[in-house]
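Open the model in your viewer and keep the sequence panel beside it. Each stop below says what to select and what is there.

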Amino acid sequence: QAWKGKFEQLGEILPTPNTYRTGSGAPGQNYWQQRADYIINAEVDDKTQTLTASETITYYNNSPDALKFLWIQLDQNLFAEKSITNQSATGIVRDSIPAAFFHTSSGVTISDYQGGYNIKSVKDAAGKNLPYLINNTMMRVDLPVAIKTSEKFTFSIEWSYRESDRQIYDGRGGYEYFPEDGNYVYTFAQWFPRMCVYDDYEGWQNKQFLGQGEFALVFGNYRVRITVPSDHIVGATGTIQNPKEVLSKEQLERFERAKKTFDNPVFIVTQEEAAKKEKVKSSKKSTWEFYAENVRDFAFASSRKFIWDAQAVQVASKTPLAQSLYPKEGNPLWEQESTKAVKN
């Protein structure tokens, strides 16, 4: 039935104003918000499409409550064989369907993909194992001592998972394989165990992730080191910290020039250069380091196929860099329009 209360007043639906949240929705005089800082080391295996990583999370309890446990999101468990989403899937009708899609819609298995996190360890700052419980896409970590107001707690998680094929699975991240040159384009989103939000309205926001929703997330600082084949180009949240270590002298010069160029994009990696790398395929590795301050999430993309162009944008007194990373298969459209769209 159609909803019959379209124009009803919201007074009984909205939360009651208090000292944390005013009736207008603005923060109240006692408003608080949690914080989580991450240090992450990750490596992408280009042969197996597996990400292996470890993270150290420092969680700041700014709430008036003592917390005896923490809840963490395990978004990649959406792709686990017996996830709630897979077990409750219904029929789908699409206008066009890639052949590989029949793996998930018809029961005909044409892939050996096994998704979901492999959690290797959860430890405190002293290296002692912490008890934890995984419930589908959520993980509860029990603490030896409750975190009191204004205290912080540092712990670490080690994990790995195999990235999913975009042609088969509908997710925020995934890889695309290009059989013509035997290379991959990776986009890593929802790739690391992330802190759930704890607030005065709901307490822990630990509802299951079923693939069709989004979550609020905790703000914090991220320092992330990403190891990939040395001929890959990596784009990520935040600002690169070691360009001299991962870029050639010519790429570095172009990168610095792009930061001062406002009229047109500067090509840091041209199509010809990217096409050459597709054929050679380096066996060496490089580690890209990024830092992001006071953000709610971190994502990255990586490929040796990436053409890379960028230009500076004047926004008030700041000059952020509008950038595009794309394979040659996206041209000529993407080199003509992508960074212009980012600029706008």
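## Stop 1: a salt-bridge network

Select Glu-329, which is partly exposed at a relative accessible area of 39%; here buried means under 20% relative accessible area, exposed over 50%, and partly exposed in between, with a 1.4 Å probe and protein chains only. This is a predicted model, in which local features need pLDDT of at least 70 and side-chain atom pairs count only at pLDDT 80 or more, while totals for chains, interfaces and linings use all residues. Residues are numbered from 1 along each chain as its sequence is written, and side-chain values use heavy atoms, with hydrogens and water left out.

The side chains of Glu-329 and Lys-305 form a salt bridge of 3.2 Å, N to O; the term stands for a side-chain nitrogen of Lys or Arg within 4 Å of a carboxyl oxygen of Asp or Glu. This pair links distant parts of the chain, 24 residues apart: Glu-329 is in the loop between strand S20 (321-326) and helix H6 (333-343), and Lys-305 is in the loop between S18 and S19. Helices (H or I, at least four residues) and strands (E, at least two) are DSSP runs, numbered from the N terminus.

Glu-278 belongs to helix H5 (residues 271-280) and Lys-305 to the loop between strand S18 (300-303) and strand S19 (307-312), so the pair ties together parts that are 27 residues apart in sequence. Is Lys-305 buried or exposed? Lys-305 is buried, with a relative accessible area of 0%. Glu-278 is buried too, at 4%.

To show the whole network, select Asp-181, Glu-278, Lys-305, Lys-328 and Glu-329, which are linked by salt bridges.

## Stop 2: a cis peptide bond

Move to Pro-332, in the loop between S20 and H6. The peptide bond from Asn-331 to Pro-332 is cis, with omega near 10 degrees.

## Stop 3: another salt bridge

By the rule used here, the count comes to 21 salt bridges. For one of them, select Glu-43 and Lys-285, whose closest N and O atoms are 2.6 Å apart. The two residues are 242 residues apart, with Glu-43 in strand S1 (residues 35-45) and Lys-285 in strand S17 (residues 285-295). Glu-43 is partly exposed, at a relative accessible area of 31%, whereas Lys-285 counts as exposed at 58%.

## Stop 4: an open sheet

Which strands make up the open sheet of four? The order is S8-S9-S18-S14, with antiparallel pairing; two strands pair if DSSP finds at least two bridges between them. Strand S8 (174-178) and strand S14 (233-236) stand at the edges with a single partner strand each, so one side of each has no neighbour in the sheet. From one strand to the next the twist averages 10 degrees, where axes are lines fitted to C-alpha atoms, for helices over the stretch in contact, and angles run from 0 to 180 degrees between N-to-C directions.

Look next at S14 and S18, which pair in the antiparallel sense over four bridges. Select Val-234 to find Ser-302 of S18 opposite.

## Stop 5: the nonpolar core

The largest nonpolar core has 78 residues, and those with the most contacts inside it include Leu-70, Phe-155 and Met-195. Such a core is a set of buried Ala, Val, Leu, Ile, Met, Phe, Trp, Tyr and Cys residues joined through side-chain atoms within 4.5 Å.

Select Met-195. Neighbours within four places in sequence aside, Met-195 is in contact with residues including Tyr-38, Ile-57, Leu-70, Gln-73, Phe-155 and Trp-204, contact meaning heavy atoms within 4.5 Å. From there, go to Gln-73, which lies in strand S3 (residues 67-73). Gln-73 is buried, with a relative accessible area of 1%.

## Stop 6: two positive phi values

Select Asn-136, in the loop between strand S5 (132-135) and strand S6 (138-147). Asn-136 has a positive phi of about 60 degrees although it is not a glycine, and counts as buried at 18% relative accessibility.

Finish at Ala-316, in the loop between S19 and S20. Phi of Ala-316 is near 55 degrees, a positive value in a residue other than glycine. Ala-316 counts as exposed, at 70% relative accessibility.
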